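Dear colleague,

I am passing on the structure below, and I would ask you to keep it open while you read the notes that follow.

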Amino acid sequence: FAQGKESAVVKIREDAKQQVWIATKGNGIYKIDSARSLIQHFGPDQGHAGSEVNGFDLDNSGWPWIATSKGVTVIDDEHQHVYTLATGQGLISSAANAAVYHNGTMAITTAKGLTTFAESKTTLNSTTGIELTAQSFDRNQGLAYTDFNAGSGTVLKDGGMAFGVDSKVLRIIGQTSVDTVSSPVYLTGIVLEGKPLVLTDN
């Protein structure tokens, strides 16, 4: 690997083929295939969204989803395809901070909220790339905090997920979904041109 602070290792994962994926802070991501004595590098020259990796995870197909400050890179290792996801592909923000896979869903945290991709909706097409259905969450969908920390995210034993947000931990219980239940609103007073109006039951 390139030496120096800019290439600090962010995360290491082994896939089902016993290949080791190593993400770096300033030099993209590497795949080490010990069985074939092969080291493969994925950086901007190979279609990677950005050299500075904030986090990554592997989905059920063994594809790495790599969160960078310029979007998310998805690598189809079997066919050697590299795809970039940004706001045009459904991300709530291209400033991606972490990727966490659980139970058929890849959750991508960003500086502006959370985007989830359902694995069952992911298909490979050599012409158009990856077809995805994304769902995003911010304050409008009930998130109390939206500026997620880089690299912080995990799956909990109870099936939920936890992420670092600012100086707090945000816990998501079960499947993420948009809250469509309206909350009651009570009008307690009106001020018109600086003068309070008196409300009556009549």
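**Salt bridges and the sheet**

Lys25, at 30% relative accessibility, counts as partly exposed, a class that lies between buried (under 20% relative accessible area) and exposed (over 50%), computed with a 1.4 Å probe on protein chains only. Please bear in mind that this is a predicted model, in which local features need pLDDT of at least 70 and side-chain atom pairs count only at pLDDT 80 or more, while totals for chains, interfaces and linings use all residues. Residues are numbered from 1 along each chain as its sequence is written, and side-chain values use heavy atoms, with hydrogens and water left out.

Which residue does Lys25 meet in a salt bridge? The partner is Glu52, at 3.7 Å from N to O, where a salt bridge is a side-chain nitrogen of Lys or Arg within 4 Å of a carboxyl oxygen of Asp or Glu. Lys25 lies in the loop between β2 (20–24) and β3 (29–33), and Glu52 in the loop between β4 (38–42) and β5, so the pair ties together parts that are 27 residues apart in sequence. Glu52 is also partly exposed, at 39% relative accessibility. The strands named here are DSSP runs (E, at least two residues; helices would be H or I, at least four), numbered from the N terminus.

Asp57 forms one with Arg13, with 2.2 Å between the closest N and O atoms. Because Asp57 lies in strand β5 (residues 53–58) and Arg13 in strand β1 (residues 9–14), this pair ties together parts that are 44 residues apart in sequence. Asp57 is buried at 8%, whereas Arg13 is partly exposed at 27%. Arg36 and Asp33 also meet through their side chains in a salt bridge, at 2.8 Å from N to O; here Arg36 is exposed, with a relative accessible area of 56%, and Asp33 is buried, with 8%.

Turning to the strands, you will find an open sheet of four, in the order β1-β2-β3-β4, with antiparallel pairing, where two strands pair if DSSP finds at least two bridges between them. β1 and β4 are the edge strands, since each pairs on one side only. Between β2 and β3, which run antiparallel, there are four bridges, and Trp21 has Lys31 in β3 as its bridge partner.
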